[in-house]
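Please read these points with the model open beside you.

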Amino acid sequence: MDENIRQEILNAYEFRKQWPPYTYREYLDVTPELLKSFVEFLKTENMGKRKMELQPWITFCDSRCSFCYYPSTMFRGEFVNPYLTALKKELKMYAETRYVKTSEFDEIVLGGGTPTVLSAEQLIGIISFCKENFNISQDYMIKITGSTHNLDECKLKKFAEYGVLQLDVGVQTFNNEIRRGLFIQDSGEHAEEIIRKARQLGLYVCIDLMYNLPGQTMEIWREDVKKAIELELEGIDCYPLEVYPGTLMEKQLQSGELPPPGDWKKEALMYVEAVEMFTKAGYTPVGHDRFTKVREHIEESCLNGWPWAGILTTGAGCFMGYLGRYSYQNTEKVHEYIEKVSKGIFPIAKIHKSNDEDMIKKVMERLYLRLPVDKKEFLDKFGKLPEEMFPDPIKKLKERGLIEVDDKEIRITKLGDIWRINIAWEFANAKAIY
Ligand code: SF4
């Protein structure tokens, strides 16, 4: 990379944020008043008319990857049936509300945890239940999250025959030495074999790759990106490593078992390398962290409708739900989850109700999602232009070459793409003038 470009990238900020605003990390513990107000909200009609995502969550996992901070539960066969009964009951509780009856879903996404620890029949059973109980669009998509170590040809065939569109698998890296350090259960070769089989069966495959892992040089990272391109994947989600307190990786780093990851500059340059390699190979960057080759990812309603669409998520530990102004996370403990649902209580542990200012800032967060902010729509909704509400952040970001503003919209630039999370925080931390 040209030294001037490298300097321009690194001069934009003094630190690269890893996580955008308005996520579950900021929600407060649920109170009886907030739960009541959420339940009252569910009695209203969904006037938004944007297609939404339905995301039942399988909390179980049979691994303990050292970086993992997901609120998952170690897989135990005897928990499965009571959990699935509770999951269906919670789905039904939502399905019977007016808000959900007046909503339409065009994606069913089994998230987790690792849904593929369950059998194909169990997973298909949940998807069928969703189809029977919710308004599902004709052109809906089914996606299943999983791990390559608990997938085999037989399961993949059943998914393909049922009409699953996409498998989302957490590969992280194909490098075996790094995989071992992360306690990932299978080898890079096995992950590759499963991916090839899934694609031969006609499934889309979207993988997670992580960069700035301990011991991962720029060369190893390039090899991972190269392998993803060679596999002709439909999508690749690239995440920077975040060492989360309490994870096994935190201990591995403290004890010296793993070398420390690189600093933010190395992290930013690894991302830039991926952008260059993927775009050269014909991939388009979309949404949070994805590079894609398929129309479905670019046109995804839930992504393009932010923040007005919605994700209805259910299951122990699920944390990506947002309906109207409410964002929520469910209780993590399986026993507590089953008990609450059996009593007909929404098993919400944390919740956030966005006020007007939050909604304004969430619209500006579209820049983080690589979506433009439509100025006319903004004016119609909030009575002022983004430049009037956020004069200082917009001036600063324009001067730094991170955003472009014209009569119609605000967009991120190529340089801004690297700093999308920092950009979202500029707006979240500013005082909106309205
Ligand atoms: S497979 Fe996924 S959910 Fe399970 S430990 Fe690894 S990262 Fe976490």
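**Notes on the model**

1. Start at S15. Ser327 stands opposite His352 in S15. The two strands involved, S14 and S15, pair in the antiparallel sense, over five bridges. Strands pair here if DSSP finds at least two bridges between them. Strands are DSSP runs of E with at least two residues, helices are runs of H or I with at least four, and both are numbered from the N terminus.

2. Two points on provenance. The model is predicted: local features need pLDDT of at least 70, side-chain atom pairs count only at pLDDT 80 or more, and totals for chains, interfaces and linings use all residues. Residue numbers start from 1 along each chain as its sequence is written.

3. S15 (residues 348-353) has a further partner in strand S1 (residues 28-29). That pairing is antiparallel too, over two bridges. Asp29 stands opposite Lys350 in S15.

4. Look next at S12, residues 310-314. Is this strand enclosed or open? Four of its five residues are buried, so S12 is largely enclosed by the rest of the structure. Buried means 20 or more other C-beta atoms within 10 Å of the residue's own; exposed means 12 or fewer; partly exposed lies in between, with C-beta atoms placed from the backbone.

5. S12 pairs with strand S2 (residues 52-58) in the parallel sense, over four bridges. Gln55 faces Thr313 of S12 there. With strand S13 (residues 321-323), S12 pairs in the antiparallel sense, over two bridges. Ile311 has Tyr322 of S13 as its bridge partner. S12 and S13 form a hairpin with six residues between them. In the turn, Gly315 has a positive phi of about 115°.

6. Glu332 deserves a look. This residue sits in the loop between strand S14 (326-330) and helix H14 (334-342). Glu332 counts as partly exposed because it has 18 C-beta neighbours inside 10 Å. Leaving out residues up to four places away in sequence, Glu332 touches Pro71, Ala316 and Gly317. Contact means that C-beta atoms, placed from the backbone, lie within 7 Å. Thr73 is 259 residues from Glu332 along the chain, yet their C-alpha atoms are separated by 8.2 Å.

7. Compare Phe79, in helix H3 (residues 77-95). With 17 C-beta neighbours inside 10 Å, Phe79 counts as partly exposed.

8. Which residues surround the ligand? They are Cys61, Ser63, Arg64, Cys65, Cys68, Tyr70, Ser72, Gly113, Thr114, Ser147 and Gly170. A residue is near a molecule if its C-beta atom, placed from the backbone, lies within 6 Å of it. The shell divides into four nonpolar, six polar and one charged. Nonpolar covers Ala, Val, Leu, Ile, Met, Phe, Trp, Tyr, Cys and Pro; charged covers Asp, Glu, Lys and Arg; the others, Gly among them, are polar.

9. The domain assignment gives domain 1 (15-304) and domain 2 (355-434). Such bounds come from an automatic or database assignment. The domain centres, taken over C-alpha atoms, are 27 Å apart. The contact takes 17 residues from domain 1 and 13 residues from domain 2. On the domain 1 side, helix H11 (264-280), strand S10 (284-286) and helix H13 (301-304) each supply at least two residues. H11 gives the most, with four residues. By class, this side has 11 nonpolar, four polar and two charged residues.

10. An open sheet of three strands runs in the order S16-S18-S17, with antiparallel pairing. Strands S16 (373-374) and S17 (403-405) are the edges, each pairing on one side only. S16 and strand S18 (residues 409-412) share two bridges. Val373 stands opposite Ile410 in S18.

11. Last, the whole chain. The protein has 20 helices and 18 strands. Its C-alpha trace spans about 60 × 55 × 45 Å along the principal axes. For 434 residues, a compact globule would have a radius of gyration near 22 Å, and the protein agrees, with 22 Å. This radius is taken over C-alpha atoms; the globule rule is 2.2 Å times the number of residues to the power 0.38. Buried residues make up 43% of the 434. Among contacts between residues at least 6 apart in sequence, 75% join residues at least 24 apart.

Terms used: Two residues are in contact if their C-beta atoms, placed from the backbone, lie within 7 Å.
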